[in-house]
Amino acid sequence: MNAGLPATGLFDRLKADAAAEWRGYVDHAFVRALGDGTLPGNCFRHYLVQDYLFLIQFVRAYALGVYKAPDLATMRSLSGAVSAILDEMKLHVRLSAEWGASEADLKQATEARATIAYTRFVLDAGMQGDLLDLLTALSPCVIGYAEIGTALAGTPRGLATDNPYRGWVAEYSGEPYRAVADDARAVLDRIAATHLSEGRYSRLLQLFRQATRLEADFWQMGLDRAE
């Protein structure tokens with residue numbers, strides 16, 4: 001019996017109960033600097049390379065989700081997410097080419113500790129747990145980026161023509177990516193409707209908080225490049 005899912009859905013409950021961690025992620029100094037165009041270029045370049053490597057592991061995580069999916073509808077949704085991530089990586093290749101880095105350069109880069117910590121945490125959550133554990137650990141990234149992109153697009157300089165990060169903001173505020181995030185939320189809530197109990201919620205909240213903290217650490221990894 002499901003006693004843990006409120007009318008607003010699991011993601012909204014997790015986000016509310018991890019409000020401090022969520023603010024630290026979506027309102028990080030790195031994010032604000034993206035929005036106003038003041039982020040040092042070397043910080044963004046380091047972040048973008050690492051995010052490319054990060055997404056390779058997230059493709060694997062979603063593929064694991066396909067394996068653990070209980071039905072064909074969920075398999076199709078998660079397969080769609082795999083395709084969306086592979087398409088998302090084209091943004092990284094395109095932006096990297098602007099400073100002379102090829103896709104081969106991205107593939108050959110060394111994973112930073114923050115990249116390893118986050119991606120292996122998510123994969124481990126999926127390997128040890130079930131699909132609900134995996135989707136909970138994935139949700140701050142896929143849903144959070146849409147929230148961040150939309151927020152930055154609404155700021156005075158987010159989509160300004162002279163903001164060097166306008167392309168990034170446009171990608172994550174655009175309708176195609178928002179649709180990916182909406183689908184991720186819907187799948188999470190659908191799986192929770194049959195797999196969530198109140199006794200299990202504390203474990204999911206722990207996973208969500210840790211994934212959100214690791215997202216903030218990922219931003220900080222990029223920001224630290226300025227030092």
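This is a predicted model: local features need pLDDT of at least 70, side-chain atom pairs count only at pLDDT 80 or more; totals for chains, interfaces and linings use all residues.
Q: What radius of gyration would a compact globule of 227 residues have, and what does the chain have?
A: A compact globule with 227 residues would have a radius of gyration near 17 Å, and the chain agrees because its own value is 17 Å. Along the principal axes, the C-alpha trace spans about 55 × 35 × 30 Å.

Q: What share of the residues is buried?
A: Buried residues make up 51% of the 227 in the chain. In soluble globular proteins, nonpolar side chains tend to be buried together. In this structure, the largest nonpolar core has 78 residues. Those with the most contacts inside this core are Leu10, Phe44, Tyr47, Val122, Trp168 and Trp219. Helix H4 gives the most to the core, with 15 residues.

Q: Which residues does tryptophan 219 touch, leaving aside its neighbours within four places in sequence?
A: Tryptophan 219 is in contact with Tyr25, His28, Phe30, Val31, Tyr47, Tyr145, Ile148 and Trp168.

Q: How many aromatic pairs are there in the whole structure?
A: A search finds 21 of them. One is formed by phenylalanine 44 and tyrosine 47, a tilted pair with 5.9 Å centre to centre and 45° between the planes. Both residues lie in helix H4 (residues 41–68), 3 residues apart, or about one turn of the helix. Phenylalanine 44 counts as buried because its relative accessibility is 6%, and tyrosine 47 is buried too, at 0%.

Q: Why is the pair of phenylalanine 54 and tyrosine 118 called tilted?
A: Planes under 30 degrees apart count as stacked and those over 60 as edge-to-face, so the rest are tilted. The planes of phenylalanine 54 and tyrosine 118 stand at 55°, with the ring centres 5.1 Å apart, so this pair is tilted. This pair links distant parts of the chain: phenylalanine 54 is in helix H4 and tyrosine 118 in helix H7 (residues 113–128), 64 residues apart. Phenylalanine 54 is buried at 1% relative accessibility, and tyrosine 118 is buried at 0%.

Q: Is serine 96 buried or exposed?
A: Serine 96 counts as buried, because its relative accessibility is 0%. This serine lies in helix H5 (residues 72–97). Beyond its neighbours within four places in sequence, serine 96 is in contact with Leu48, Ala101 and Leu106.

Q: How far does helix H10 reach from its first C-alpha to its last?
A: Helix H10 (residues 175–195) has 21 residues and reaches 30 Å, close to the 30 Å expected at 1.5 Å a residue. Its buried residues include Tyr177, Leu188 and Asp189. The buried residues of H10 pack against helix H1 (10–17), H5, helix H8 (131–153) and helix H9 (166–173).

Conventions
Residues are numbered from 1 along each chain as its sequence is written. Side-chain values use heavy atoms; hydrogens and water are left out. Rings of Phe, Tyr and Trp (its six-membered ring) pair if their centres lie within 6.5 Å; planes under 30 degrees apart count as stacked, over 60 as edge-to-face and the rest as tilted. Helices (H or I, at least four residues) and strands (E, at least two) are DSSP runs, numbered from the N terminus. Buried means under 20% relative accessible area, exposed over 50%, partly exposed in between (1.4 Å probe, protein chains only). A nonpolar core is a set of buried Ala, Val, Leu, Ile, Met, Phe, Trp, Tyr and Cys residues joined through side-chain atoms within 4.5 Å. Contact means heavy atoms within 4.5 Å. The expected span of a helix is 1.5 Å times one less than its number of residues. The radius of gyration is taken over C-alpha atoms; the globule rule is 2.2 Å times the number of residues to the power 0.38.
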